[in-house]
Amino acid sequence: MKHGPSLSPLTRREALKQFATGFGMTAFAAVAGQPLLAAPGPISGNPWAPKQPHFPGKAKHVILIFLQGGLSQIDSFDYKPLLDKYDGKPLPYETPRTEFATGNLMKSPFSFQKYGSNGVECSEIFPNMAKIIDEFCIVRSMISDIPNHGPSVLMMNTGSSRVGRPSMGSWVTYGLGTENQNLPGYIVLAANSGGDGGSNRFGAAFLPPVYQGTLVPFTQADPKKQIQYLANPRVNPGQQREQLDLLRDLNQMYVEQLETAPELEATIQSMEVAFRMQTEAPEVFDTRKESEATRAKYGEGGFARGCLTARRLVEKGVRFVQVIDGGWDHHADIMGHKFKAHEVDQPIAALVRDLKDHGLLDDTLVVVASEFGRTPVINLGGFRSVHNGRDHNIYGFTVLLAGGGAKPGTIYGATDDFGFKVAEKPVHVHDLHATCLHMLGLNHERLTYRYSGRDFRLTDVEGNIVKDLLA
Amino acid sequence: MVAPKVSLVFLVCAILAFAQGDPGQFFEARIRPVLVNNCYACHTDTKLGGLRVDSRISLLAGGKSGPAIVPGHPDDSLMIKAVMQTDEKLKMPFGGNKLKDNEIKDLRYWIQAMAAFWPAEQAKPEAAAATAKQFTIRPEQRNFWSFQPLRKPPVPNVKNAGWAQTPIDRFVLAKLEEKNLQPVKPADKRALIRRASFDLTGLPPTPEQVDAFLSDNSPDAFAKVVDRLLASPHYGERWARHWLDVARYADGDGRPDRRPVFLGYGMARDGYANTWRYRDWVIQAMNEDLPYDQFVKAQVAADLLPEKDRAAMLPALGFFGIGPWFTGDDTVFVEARANERDDKIDALTKGFLGLTVTCARCHDHKYDPISQKDYTALGGIFASSGYWEYSLANEKEVGAYQAQRQKVKASEDTLKEYGQDLALRVAETLTGQIPEYMLAVRKVVLTDPKADLKKVAADEKLDPEVFQRWHKYLTATDKLHPFLKGWDALMAKGGGADADARKLAEEFRDIVYRVVPEKKAVLKANQEMVRDYKPDPNEATVILPGDLMQFELFQFKQQMVQKVMDTNRFYVWIDVVQGEDDQSYVKKDAIFQFKPQGLLRFLTAEEKAKLDSLDAEVKALTKQMPPEYPYLMGLKEDRPQNIKLNIRGNAHVLGEEVPRGFPAVLGGTGGEPLPFQKGSGRLELADAITRHPLAARVMVNRIWMHHFGHGLVATPSNFGMMGERPTHPELLEYLASRFAEQGWSIKKMHREIMLSSAYQLSVQQSEANASVDPDNRLLWRANLQRLEVESLRDSLLFVTGTLDERLGGPPNNLNRAENKKRTVYARAARTPDNTLTLFDYPDPNITSEQRTVTNVPTQGLFFLNSDLMARQAEALVARLGPEGEGEEAATARINRAYRLLYERQATAAEVRRGLQFLKAAAADPGGMPPWQRYAQILLSTGEFFYIN
């Protein structure tokens with residue numbers, strides 16, 4: 001466990017040859033969770049090379065859709081008829097600690113209808129997701145630790161409410177590598193890196209920085225404006241090819257002088273990959289390459305473009321894609337959910353359908369989550385314009401899963417009659433993480449990284465796999 | 001299994017006589033000591049891998065991998081497999097030396113012949129088991145290597161005494177000879193001066209410096225080079241950066257309205273504008289070779305040092321002062337403070353002591369003898385030391401700055417308030433005209449084909465923009481309020497009678513008339529509520545960067561319930577009068593809402609004049625605003641207070657109060673922290689750290705690591721149980737002792753290390769050595785090392801003659817073309833620059849012990865496509881002089897480039913390849929000129945960014 005498998009110079013060189021000739025990455029294939037190194041320092045081999053999971057997993061890719069701010073479960077997918085009756089009346093038990101002062105119960109302003117073979121009640125503001133509700137595995141009994149954005153955003157994205165732990169995407173890319181060597185293995189699609197948690201939401205912390213998410217803003221349609229150093233307007237491809245040939249020859253001469261230098265040989269190869277990346281990346285990020293009809297299915301706007309890009313990336317073998325949407329924090333007025341739902345409902349539904357049409361849904365796990373839910377009681381505290389909103393709720397909220405490894409048509413767990421606290425089968429964020437890793441064939445207790453003398457995990461010292469969610 | 005049967009039989013006979021006497025005696029004399037000394041640390045209460053080895057039952061039950069022993073069958077026993085170290089994945093003792101052969105033989109015999117006999121233990125009373133959780137430091141924990149006093153070991157004898165130039169060499173060679181390894185040949189002089197230059201200054205040598213060294217045949221030629229480099233001001237820039245990784249150094253992101261960690265709120269000024277003064281202090285300390293003990297003390301307690309040292313040392317407090325301070329709308333006071341303390345304890349203990357004390361935040365440390373009380377005792381020190389800005393200006397300057405800021409703020413408030421009055425006055429005027437606008441919209445909607453909106457507005461004498469907005473609003477569906485339902489119904493029926501339409505429009509006008517005063521009343525009531533709020537006098541006022549003293553406001557805000565408007569009438573307000581910046585609503589301008597310029601057309605001459613004069617006043621006052629006075633970010637003594645244990649790390653669930661102090665295992669006390677008495681205890685803390693041998697061990701190991709590529713201890717910030725053991729324990733002790741002996745001089749330590757034969761080895765490979773020690777942990781060769789990102793960028797600037805060598809100052813944006821200063825001066829935001837992280841710059845939110853070195857294609861994109869590479873290639877071409885004509889001139893330029901970049905002549909093959917490229921490039925014109933294309937590649941080679 002102290003050091004990664006150390007290849008002799010000869011086999012390393014052979015492995016590199018395979019690397020050079022395309023995607024014969026098998027020579028590098030290691031097993032997930034086998035650390036590349038004990039402590040930071042030089043990493044031998046290609047850190048992005050695909051690795052075998054601990055056991056065969058159903059999912060090979062993840063798309064994590066993060067609705068930041070707090071999606072209200074009782075206004076979306078956890079209908080509580082009793083709230084209509086108790087509207088304006090006090091909660092019959094002591095209100096748990098939330099962020100702001102709260103008042104009486106408030107019913108949902110939205111109407112609900114039954115959808116799918118299980119008759120799942122869905123809110124009118126999610127009409128498109130409602131139509132494919134059978135594809136989803138709905139967890140209605142999520143819990144988290146701290147009713148504030150910063151800590152809980154970090155908890156959902158990194159498994160810890162404090163700054164300084166690697167994000168889930170970093171762990172997965174570290175554990176499994178990635179299939180396409182011409183693209184980063186972990187890509188984040190968001191308007192920008194702003195918002196609570198900042199870049200820690202997709203940071204690698206103490207994992208090697210190659211495993212951090214690469215942020216590609218979805219606000220721009222032109223990929224050349226999105227990715228750093230992707231193109232060089234000063235030379236044409238032929239000229240650059242000549243440059244690379246020169247570089248390869250000069251490096252080769254130097255390697256011969258030094259007799260052996262595997263680090264250098266790996267560098268030579270990654271230059272070649274960089275050259276190919278310049279062709280592949282602009283192509284895959286350019287949603288304008290999709291048909292008019294496909295783009296219409298996803299709808300307008302940055303988030304829709306992000307969802308469509310997510311499918312294109314997964315199709316190309318990118319391991320982990322995170323699509324971040326903001327603005328769900330509706331303390332003053334829950335009517336805000338109507339506008340936000342309008343932005344995300346169609347793209348999310350289109351993504352799930354599109355993945356299915358492309359045969360990708362079976363091995364792509366889609367997670368739709370917020371850092372927490374919202375209270376059934378009205379939010380009173382703070383400088384509010386009106387009192388028609390809901391406060392943060394870590395005691396019971398809803399997360400949706402679809403695709404790779406998640407059991408479709410499942411409704412798991414339940415909140416109490418008011419939708420405030422979990423009444424059945426609580427699922428902590430750690431449990432969700434453990435379960436998602438399991439779907440990928442990763443044992444969350446074995447996916448470790450030794451940092452400063454301790455083996456760290458995404459799930460810290462917690463996490464139970466929720467078997468009922470598994471397909 | 002591996003053990004040959006014959007020797008086993010022999011062995012069994014040999015020890016039988018002894019064992020037959022008394023199995024208990026054999027166990028106590030030969031087995032238990034082996035277990036206690038090698039296994040107990042991890043396999044008793046800590047139960048690593050689920051295994052305990054302190055009873056027969058536990059061994060039979062085993063751990064995660066299965067039973068540890070199979071009585072009678074040593075070859076099937078995992079314990080034997082582990083200590084034989086034949087299985088790559090199961091080598092015990094973890095991180096320690098392999099057991100001696102006779103110890104392994106004893107263990108085998110004990111399992112086979114004695115069926116793992118274990119003497120009956122004295123029954124423990126139940127009560128003892130119950131109190132077992134009480135924190136105690138077990139003797140074997142206290143005896144752990146890194147807690148022992150410094151001892152200077154004798155320099156070992158070696159066979160190849162001629163190779164060993166210094167005591168360091170004899171320690172290294174002794175280990176190599178133990179394994180029959182031969183050090184490879186020494187590096188050539190060119191490689192050596194290049195390595196030394198990068199090591200000490202982060203920059204390559206100039207061709208002239210190389211020439212001088214090559215032609216200097218005196219025995220101390222290299223020592224002269226080392227001394228010259230140590231005296232260079234670039235030395236401090238290089239070595240400060242190493243420390244800044246440990247110190248999790250970060251600048252603000254340069255935006256006064258934002259916080260470095262969490263988004264902030266209501267900040268008056270950029271509280272992180274002076275972070276760089278700490279960075280510059282570290283550089284200066286390195287350049288002046290400030291003794292390391294003083295370097296430590298300054299960072300922990302500069303404000304408490306004797307008066308004569310204080311002023312020069314104060315910037316050092318930035319170690320804590322620039323750290324994360326958690327603020328913001330949704331911060332929970334108690335947790336934020338606990339997290340701030342945790343950050344400080346983490347950086348302090350990992351950085352100065354190589355211990356992971358923050359593992360004891362929620363419970364006693366699982367592996368090291370550090371209790372939660374030890375953690376809490378340190379926490380109390382920081383609870384008693386608040387954030388403080390030490391002004392570097394005199395009181396008058398500070399006073400003038402503050403007074404002027406007040407004036408500017410007041411004038412801005414007045415202007416804003418008047419603007420708001422005018423906006424509402426205009427809204428009220430326009431409210432009166434609502435029926436006219438609505439009826440005109442009705443007319444347009446009912447006309448077929450549709451009328452031109454501008455023409456209708458002109459005909460009806462309406463403002464065209466306002467009219468357009470009404471048209472859009474009234475024809476849209478989905479309004480949040482019900483007040484236009486009647487109107488919509490009428491329009492749906494074809495518009496109805498004129499009189500009915502007018503009546504509905506007037507009703508809506510009257511609603512809007514009510515909305516404005518209602519909103520005003522609510523605003524006024526809420527302002528009074530905030531003004532009259534009396535904070536709890538028992539609650540501490542917390543000072544944070546950027547004048548954030550109103551922290552408690554956020555707390556009361558969360559519980560304060562303000563007056564609000566009727567929800568439906570509020571919707572009218574945001575639709576018609578003024579949109580509000582709230583997450584709940586789609587951002588848009590209300591119908592009567594205008595940008596300042598747009599509002600002017602509705603104002604009277606008098607109103608305009610007043611607005612202009614208020615605006616002019618703000619501008620004039622702002623212009624007179626002096627630049628912000630400089631200050632240092634640090635800590636200051638607050639009221640001394642102890643804090644209470646946070647049960648399971650929860651800051652809301654408190655246990656016993658713990659006096660401020662130092663971890664017991666370090667302080668030499670029994671099980672309780674060593675108490676501190678003076679003020680916060682910070683000065684005592686600083687003294688205690690520098691008195692402890694870990695301080696010297698940890699620092700010499702860091703120095704060693706930056707010279708050789710890895711430390712003698714491979715986990716430089718963890719010298720605890722779960723850290724790696726030193727590969728050369730005696731050498732580490734020797735270096736640490738020398739460090740203290742030589743007055744904690746870092747420069748002397750460099751000199752001692754660099755003048756050794758071990759440092760001066762070449763990178764030559766050796767199959768024979770590699771088969772025994774593939775990772776070169778025993779130092780039989782030098783490691784090929786990639787330039788760190790700072791050295792990479794700095795070298796690109798340096799060899800092309802464009803580096804701005806000025807020292808110090810406020811941070812600049814890394815990617816600005818004009819920024820040619822060294823990378824250590826670039827803005828180090830808490831969300832670091834992409835180019836930095838691309839080349840493994842560490843996360844500045846946490847202390848970093850060592851950088852990883854990764855190799856990914858996106859780094860290739862930097863070399864191929866970045867603006868910096870194109871710029872430096874151009875600069876390099878310019879430096880090569882005029883192009884000239886013919887092959888000879890080209891060859892001369894190629895050679896000049898090789899001298900500047902690699903400090904050597906180009907080989908014939910390299911010249912040929914270069915000429916070939918240039919010729920082909922000339923035939924493919926357009927884009928970058930051929931020489932620039934060539935230069936870019938020379939700046940991208942492995943030879944350029946690896947140090948051999």
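Two residues are in contact here if their C-beta atoms, placed from the backbone, lie within 7 Å. Keep that in mind as you look around this predicted model.

**Stop one: chain A.** Chain A has 471 residues, and 62% of them count as buried. Now think about contacts in chain A with a separation of 6 or more: 76% of these come from residues 24 or more positions apart.

**Stop two: the nonpolar cores.** Next, select A:I65, A:C307, A:V321, A:V367, A:L401 and B:V700. These have the most contacts inside the largest nonpolar core, a set of 296 residues.

**Stop three: A:C307.** Centre the view on A:C307. Beyond its neighbours within four places in sequence, A:C307 is in contact with A:Y298, A:V323, A:P347, A:I348, A:A350 and A:L351.

**Stop four: A:G299.** Move on to A:G299, in the loop between α8 (292–298) and α9 (302–315) of chain A. Is A:G299 buried or exposed? A:G299 is buried, because 20 other C-beta atoms lie within 10 Å, and 20 or more is what the label requires. Setting aside neighbours within four places in sequence, A:G299 is in contact with A:A304, A:Q346 and A:P347. To finish, draw a distance from A:G299 to A:E343: their C-alpha atoms are separated by 8.7 Å, although the two are 44 residues apart along the chain.

Key: Residues are numbered from 1 along each chain as its sequence is written. Chains are lettered from A and ligands numbered from 1 in the order in which they are written. This is a predicted model: local features need pLDDT of at least 70, side-chain atom pairs count only at pLDDT 80 or more; totals for chains, interfaces and linings use all residues. A nonpolar core is a set of buried Ala, Val, Leu, Ile, Met, Phe, Trp, Tyr and Cys residues joined through C-beta atoms within 7 Å. A residue is buried if 20 or more other C-beta atoms lie within 10 Å of its own, exposed if 12 or fewer, and partly exposed in between; C-beta atoms are placed from the backbone. Helices (H or I, at least four residues) and strands (E, at least two) are DSSP runs, numbered from the N terminus.
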